[in-house]
Amino acid sequence: MFWELIATVFAGIGGAGIALLLRKITKQTAPKWLVPVFAGTAMLGFQIQGEYDWFDHQTGLLPEGIVVVKAVQEEAPWRPWSYVFPQTMRFIAADVANSAKNKIDPNLVLVDLYFFERRHTAKRVPQIIDCMQGARTDFTQSFTKSSDSKAESTSTWYPLENDDPLLKAVCDNQA
């Protein structure tokens, strides 16, 4: 974020430089207020470009085998252009290349989910996906899934839709 601030300042200096060049070319007949307007416009434009390019840049840095399963687009009143062109500010990626089937129950797959958010560090959350039931649960050291279908599991299972990208990415990769 520090380097982004430095780059924004330099974008402003560049915009002001263009306005000063215009004033020099027009022999000082261009209005003086062009300098701060160009500086502010360049800084704002740089920030907007950075907001919109963040998702593509981050997904381009992901290693092979990590699949984006959900992207969240947001709108905000302080970014009125986002109502027309929503910005992707966070996304979830699954490490399907390093997912592992359970040796006892091959329908269970352990996968790491990575939660990315603009200006935050990524968070890793291990999840267990039940490909047969179409559900997921948090992985903990005390996780047990009862082999008896009538007995209750110690974990809370969250149902997934049949067309859920996480379910498709993890279970299709294991087939």
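Select W54 and F91: W54 is buried, and F91 is buried as well (buried means under 20% relative accessible area, exposed over 50%, partly exposed in between, with a 1.4 Å probe and protein chains only). The model is predicted, so local features need pLDDT of at least 70 and side-chain atom pairs count only at pLDDT 80 or more, while totals for chains, interfaces and linings use all residues. Residues are numbered from 1 along each chain as its sequence is written, and side-chain values use heavy atoms, with hydrogens and water left out.

**Aromatic rings**

A pair of aromatic rings is described by the distance of the centres and the angle of the planes. Rings of Phe, Tyr and Trp (its six-membered ring) pair if their centres lie within 6.5 Å; planes under 30 degrees apart count as stacked, over 60 as edge-to-face and the rest as tilted. The structure holds 4 aromatic pairs. The ring centres of W54 and F91 are 5.7 Å apart and the planes stand at 55°, so this pair is tilted. W54 sits in helix α2 (residues 34–61) and F91 in strand β2 (residues 87–95), 37 residues apart. Helices (H or I, at least four residues) and strands (E, at least two) are DSSP runs, numbered from the N terminus.

F55 and F91 pair edge-to-face, with 5.2 Å from centre to centre and 85° between the planes.

Select residues 135–138, which are strand β6. In a regular strand the side chains alternate between the two faces of the sheet. In β6, A135 and T137 are on the covered face, R136 and D138 on the uncovered one.

Next, show β5 (residues 123–130), which pairs with β6 in the antiparallel sense over 4 bridges (two strands pair if DSSP finds at least two bridges between them). Q127 has D138 as its bridge partner in β6. β5 and β6 form a hairpin with 4 residues between them, and G134 in the turn has a positive phi of about 70°.

Then show β7 (residues 158–159), which runs antiparallel to β6 and is joined to β6 by 2 bridges. There, Y158 is the bridge partner of R136.

**The disulfide**

Which residue is joined to C131 by a disulfide? Select C171: the S to S distance is 1.9 Å (a disulfide is a pair of cysteine sulfur atoms within 2.5 Å). The link is left-handed, with -95° about the S-S bond. C131 lies in the loop between β5 and β6 and C171 in helix α3 (residues 165–174), so the pair ties together parts 40 residues apart in sequence. C131 is partly exposed at 25% relative accessible area, whereas C171 counts as buried at 14%.
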